[in-house]
Amino acid sequence: MKLSLFLSLSVLLAVNPVHAADKPVLTVYTYDSFVAEWGSGPKLEAAFEKNCHCDLKFVAVEDGVSILNRLKIEADKTKADLILGIDDGLMEEARATQLIAEHGQAVDKLSSHLQWEDKSFLPYDYGYFAFIYDRNKLAKPASSLKELVESDAKIIYQDPRTSTPGQGLMLWVKSVYGDQAAEAWQQLAKHTVTVTKGWWEAYSMFLEGGADYVLSYNTSPAYHVISDKKDQYQAAVFSEGHVAQIELAALLKTSTQPELGKQFLSFLISPEAQALIPVTNWMLPVIEGVELPPIFSQLIQPQRIGFTPNEIAEKRADWIKEWRSAAAK
């Protein structure tokens, strides 16, 4: 009887094998630091897969701008079901691809200060661009962007063509300097150590002692306190204000798993995911009531300046040309 049962089961498994490939696959284009061992990706993947009965597959490129560039190149042939990691400065260009579907989520769950109403792009975290320095090496940091630009301090920042922080600095310079932005870029170039393709390369060089400042986020000090038990890395607060970044996820119209995609978007703004993201992606949560480590209450809370998504979409190409021309001189 046992042998007969075993043979019957063997035949059944041979005809209907159970493979991981039988699970629906949800493919998400994101950026490389998100899927790093210490990033949000692995933990979110494990948590989501507990209940989705699916295979969540992250495909990483260098940065948010690279996600948009890849989406433009692949167009309706893209393998992605969702994109995760473009920001509000890129959302109108992404919308112009006509590949973005409605997210189907209730935005009233989001923090009221975000004032978010868009039906296609869903915020999952936010922060402010800031220059990070080591207070053990730099006793008196710059107190304004103009002071930094006019100094001789060595800085590292990211390319605005490939990196959302780099684009953030471009918006920052344009906000503060306006028609004199080209002159500011030329002055900054005199003491710029290098311009990297993405955030992680720049930040790694800074930690190795390659510069006095690196362009990052107001939340970066929280990482060092919690993960490294170090408190010397600080964000300089600038009197002119700081450009904010709202990071976004979006479902694609070409997705073969639209309902699963919406399920993942709902998970992204759930209390479980929102508690994970600040201490793995080192940004701020987009819903209220998330309990954060004490260091988050000590972060700089700058005034917000910048441009609307529509203004950025209209002027971004011209501002990049201005940066390329001026920074190369």
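Predicted model: local features only at pLDDT ≥ 70, side-chain atom pairs only at ≥ 80, totals over all residues.
Q: Why are H2 and H10 called oblique to each other?
A: The axes of H2 (residues 40-52) and H10 (residues 258-268) cross at roughly 125°. Roughly perpendicular ends at 115, and roughly antiparallel needs an angle over 145. The pair is therefore oblique. Their axes come within 11 Å, and the crossing is right-handed.

Q: What makes the meeting of H2 and H10 a contact, and which residues take part?
A: Contact means heavy atoms within 4.5 Å. On the H2 side are Leu-44, Ala-47, Phe-48, Asn-51 and Cys-52. They meet Leu-260, Gln-263, Phe-264, Phe-267 and Leu-268 in H10. By class, this contact has 8 nonpolar, 2 polar and no charged residues.

Q: Why are H7 and H12 called oblique to each other?
A: H7 (residues 181-189) packs against H12 (residues 309-327) at about 40°. Roughly parallel requires an angle under 35 degrees, and roughly perpendicular starts at 65. H7 and H12 are therefore oblique. Their axes are 8 Å apart. H7 passes H12 in a right-handed crossing.

Q: Which residues make the contact between H7 and H12?
A: H7 contributes Ala-181, Ala-182, Trp-185, Gln-186 and Ala-189. Glu-322, Trp-323, Ala-326 and Ala-327 come from H12. The class count is 7 nonpolar, 1 polar and 1 charged.

Q: Why does Gln-274 count as buried?
A: The cut-off for buried is under 20% relative accessible area. Gln-274 has 0% relative accessibility, so Gln-274 is buried. This residue lies in helix H11 (residues 271-276). Not counting residues up to four places away in sequence, Gln-274 touches Tyr-124, Leu-268, Ile-269, Pro-285, Val-286, Ile-287 and Val-290.

Q: What makes the pairing of Gln-274 with Leu-268 a polar contact?
A: A polar atom of the Gln-274 side chain lies 2.9 Å from the backbone oxygen of Leu-268. The limit for such a pair of N or O atoms is 3.5 Å. The distance falls within that limit.

Q: How do you know whether Leu-114 is buried or exposed?
A: Its relative accessible area is 9%. Buried means under 20%, and exposed means over 50%. Leu-114 is therefore buried.

Q: Where is Leu-114, and which residues is Leu-114 in contact with?
A: Leu-114 sits in the loop between helix H4 (91-95) and strand S4 (122-134). Leaving aside neighbours within four places in sequence, Leu-114 is in contact with Tyr-126, Ile-246 and Val-286. Val-286 is also among the residues that Gln-274 touches.

Key: Residues numbered from 1 in each chain as written. Heavy atoms only, no water. Axes fitted to C-alpha atoms, helices over the stretch in contact; angles between N-to-C directions. Helix = DSSP H or I, 4+ residues; strand = E, 2+ residues; numbered from the N terminus. Left-handed = near helix turned anticlockwise from the far one by under 90°. Nonpolar A, V, L, I, M, F, W, Y, C, P; charged D, E, K, R; others polar. Buried < 20%, exposed > 50% of the residue type's maximum accessible area, 1.4 Å probe, protein only. Polar contact = N/O pair within 3.5 Å; in protein donor to acceptor, adjacent residues only side chain to side chain.
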